[in-house]
Each structure stands twice: as C-alpha cells, then as structure tokens.
Amino acid sequence: MASTAPARGMRDFLPADVRRRTYVIGVIRGVYERYGFEPLETPAVENIETLLGKYGDEGNQLIFKILKRGEHEASGQADLALRYDLTVPLSRVVAEHRGTLPKFFKRYQIQPVWRAGRPARGRFRECYQCDVDATGSTSPVVEAELCAAACEAMQALGFSDAVLRLNHRAVLTGVLDVAGVPADKHGDALVALDKLDKIGLDGVKAEYETRGLRPEVADTVLGILGAAALSGVVAADNAAALDRVEAFVAGHAEAVAGIATMRTVLALAARTPAAHQLRVDLSLARGLSYYTGCIMEMTVPDLAGSLGGGGRYDGLVGMFLGQAVPAAGFSLGLERILVVMGERAMFPAHIAATAADVLIAQWNADTAGDALALAHALRAGGLRVEVYPDADKLGKQFKYAAATGVPLVVVEGDDERAAGELTVKDLRTGEQQRVPRAEAGARLKDLLTPTASGSL
C-alpha cells in the first residue's frame, strides 16, 4: 500500500496549523501595508534560466528543476524550476513591467518557495517567505525602512528579544582584501564565513581548506572581524564595532564607504521601531551572491540560524533589464517564526479556538430543515455555527462538540419548538438553560463574550 505521508520536507497543514499560519501572515501583512508596500504574486514555476546563476554555486544545487515534458521527457533536461526565493522573481517582474511600474516600487509578497536542501528544525523543502522590497533608489532611507518594517512585524508578533544584525558586503570585501584572500576566492570565503554560527571556527577553517584557502586565513579574517564574531555575540556598541573595523581597512575606499553607509542607516533607524534591535555584526555574510551593499539578518537566542534576512542587491534587476536598477529587500521566514512561537507558547488564546461557536444538535431526521434554518439565522447574526449532520443520540452529539472544542450546544426538541424556545448547554460550565428562540442570537453572543457571568 502506498505511503500516506507527504514527501520529505513537505507538510500537511491541519486546521490548527492553518489558523496559526493565517494569524502570523495577517500580522506581518498588516505591518507591511502600513509602510506603503503593495501586494505582488508571481508564478510558482519560473524558466530555469531565470533562476540559475543568481544564488551562487550552492544555491544552484538546491533549485528544484522540472524536466521537459511530452516528447522531450526522454532527454532528461530541465527547462523550468520551482521558484527558489521571491527576490529573483521580483527582479524579473520589475524588468518585464518597467514601463508601467512607478519609479519607486515598494512591494510585499507572501508566497511559498522550494529548496532541495536537507530538512531540519524550522527548515523545510517547501516554506513561505514574507518579503518586502523597494526598487528605484540607492538612498539608505530604504534600508532604514526595511529594518523598521521587519522589526515592527516581529514586535507585533511578540518577539521582544529579536536582534537585527547589520553588515555591509563592501566591508567584508575590504576585510578579505586586507587578510590577503585572492579576489577569485572571495565568494568561497564568504560562503564559509556565513556558516560561522552553525559550524564554528574549526568548521570555517575546514571549509576554507576544502575551498583551496589556507586555514590560517580564517584566523586572520576572524581576527579582523573581532572577538565578538568568535564568541557568536554581536556588538553591543555599534559605533565602537565600526570604529574597530574601520581602523583595519582604513586604506580600502570601498570598505570605508560601506562603513559610512552603515553609520547612516543606524542613525536613520534610531528614529524608527528598529532603534533598539539593530546590532553591527561584522561576521554576517549572507551566502547569496547577489547582495551588493548592506546586509541584514534577524535572529533570536533559542534558534540556530535566522528568522529572516535581506540586503541591497543593486545588480540583480539589471541582469534581466540590461540597465542598473537599485533595489533592497528583507524576507521573514514564516516556518521558523511558527516554530519559535509554538515552542514559546506565543500564540493568542483565540488562535486555538474551534471553527464554530455553536453546534446545533440534530433532534431527528424530520427536523433537519429546521436545524438548517436556525443555523442560517444565527450565522446572519454573526455567529459561527455548525449543524450536526446525523440524528444520533444527544449524548454522542454533546461528546462530539466537547471533542472539537465547540463551547455551546443548541437543542430544539419537540417541547422547545412548542414553547418557541431553545435549550442551550454551555460545555465550559455544564450549565443548561432555556431561552426564547427569537432572542437566541443575542443571548448566545452574551454567553460567548469574555465578560459573560456564566448565566443566560
């Protein structure tokens, strides 16, 4: 018999899961929209040439490729692929619709992406990203607003200990140059450095050796980045961290300019919700190859890896359009946020509520129409109502309501119908009372409110 489990790294989302996901997405979307970002959606499938060459060698290996179909299937070649992230599709959209989009295009996008990596805690092969991006400006105001939006979204979800780490690719380039890393090995050095929090210093050294870099280069690079990188603790004093690295790369014009940009972003963000969460982390590398300027990553103490990240990628749109279009963005990872919120019990109580407020019991098969009519009247009054479909014994119907978390059960039997009343049982208290049928909607709402005394 075929397995009923989903494919490895994929999941089924049961009702409770969907409620939690919907809640988090709603909070994040609300913050993004308050910042003036507009919604965008792109296809799950992209032409394979759209994705290849945008993420570096490791990213290319994680793309889910789709083989040619029909008469071309036997070739074993791929012409399509599932989207790997939301940034490259956005860049394609900006290039495709450049004539109709505004000069400064701010968009948010909340959709799934697919990566053929090894599943782990908070890491799946299908996952949702919650992105905000802005194209058309090189101003550091863009980065400051992205930082503010990401931090405000995390605050709205209840994360008081999230840290937004900040670095700049030009600063990393300067550090690598000073350390003596050949220019053609910068990409390898950054990919290895990006794993520092996961594999530690010894692991980075081993990666350097595997990639053809001398192990002692890791000591030099991490020495320039400072003791904070070695201990995994970001700088508490942002200005001091920048002063320290600036002293090392004083003769490197690009790195000095990058440090100046970081100082500006920090100054601007100090007047936003990101003020107390931004920390300079000189070891932050971000493995994707398309970043060109500031890079950011959101972390919390109890999760290895990040809850999100982003940065400036001024060259990506130009790969499609043939002319430079500045851009920057930030992406929150829904799956990891859900993992941490679940482990910390951060979801509001109402998120765990059942889909219905009231269950209407089925008295007998002949009165099914009356039950449906009553349900319609109560729904019209704003209540969420489920009708029990079978004329089972009332005990079974009460048991079903209790098992599914429905707080109120309404019974309209022969006696109640003759008297123009309903029997309402509150399964939370065990109390049962009769109410006039005409007043049922208002009386049920009173009982469902948190301030209800427990009586009808």
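Me: What percentage of the 456 residues in the protein do buried residues make up?

Reply: This is a predicted model, in which local features need pLDDT of at least 70 and side-chain atom pairs count only at pLDDT 80 or more, while totals for chains, interfaces and linings use all residues. Residues are numbered from 1 along each chain as its sequence is written, and side-chain values use heavy atoms, with hydrogens and water left out. A residue is buried under 20% relative accessible area, exposed over 50% and partly exposed in between, taking a 1.4 Å probe and protein chains only. With that cut-off, the buried part of the 456 residues comes to 46%.

Me: How many helices and how many strands does the protein have?

Reply: Both are DSSP runs numbered from the N terminus, a helix being H or I over at least four residues and a strand being E over at least two. The C-alpha trace that carries them spans about 95 × 60 × 45 Å along its principal axes. The count is 18 helices and 16 strands.

Me: Are α1 and α14 roughly parallel or roughly perpendicular to each other?

Reply: With axes taken as lines fitted to C-alpha atoms, for helices over the stretch in contact, and angles running from 0 to 180 degrees between N-to-C directions, α1 and α14 come within 11 Å and cross at roughly 115°. Angles under 35 degrees count as roughly parallel, over 145 as roughly antiparallel, 65 to 115 as roughly perpendicular and the rest as oblique. The relation of α1 to α14 is therefore roughly perpendicular.

Me: How many charged residues does the contact of α1 with α14 have?

Reply: Contact means heavy atoms within 4.5 Å, and R20, R21, Y23, V24, I25 and I28 of α1 meet L334, E335, I337, L338 and M341 of α14. Asp, Glu, Lys and Arg count as charged, Ala, Val, Leu, Ile, Met, Phe, Trp, Tyr, Cys and Pro as nonpolar, and the others, Gly among them, as polar. Sorted in this way, the contact has 8 nonpolar residues and no polar ones, and its charged residues number 3.

Me: Is the crossing of α6 and α9 left-handed or right-handed?

Reply: The axes of α6 (residues 169–179) and α9 (residues 215–225) come within 9 Å and cross at roughly 130°, and the two helices are therefore oblique to each other. A crossing is left-handed if the near helix is turned anticlockwise from the far one by less than a right angle, and right-handed if clockwise. The crossing of α6 and α9 is right-handed.

Me: Which residues of α9 do V175, L176, V178 and A179 in α6 meet?

Reply: The contact of α6 with α9 has 7 nonpolar residues, 1 polar residue and no charged ones. Facing V175, L176, V178 and A179 of α6, the α9 residues are T220, V221, I224 and L225.

Me: How far apart are the axes of α6 and α7?

Reply: Helix α7 covers residues 186–193 and packs against α6 at an angle of about 110°, and these two helices are therefore roughly perpendicular. The contact is formed by R169, L172, T173, L176 and D177 of α6 with H186, A189, L190 and L193 of α7, which divide into 5 nonpolar, 2 polar and 2 charged residues. The distance between the axes is 11 Å.

Me: Is A345 buried or exposed, and at what relative accessible area?

Reply: A345 is found in the loop between α14 (334–343) and β12 (358–360). Although A345 is not a glycine, it has a positive phi of about 55°. A345 is exposed, with a relative accessible area of 65%.
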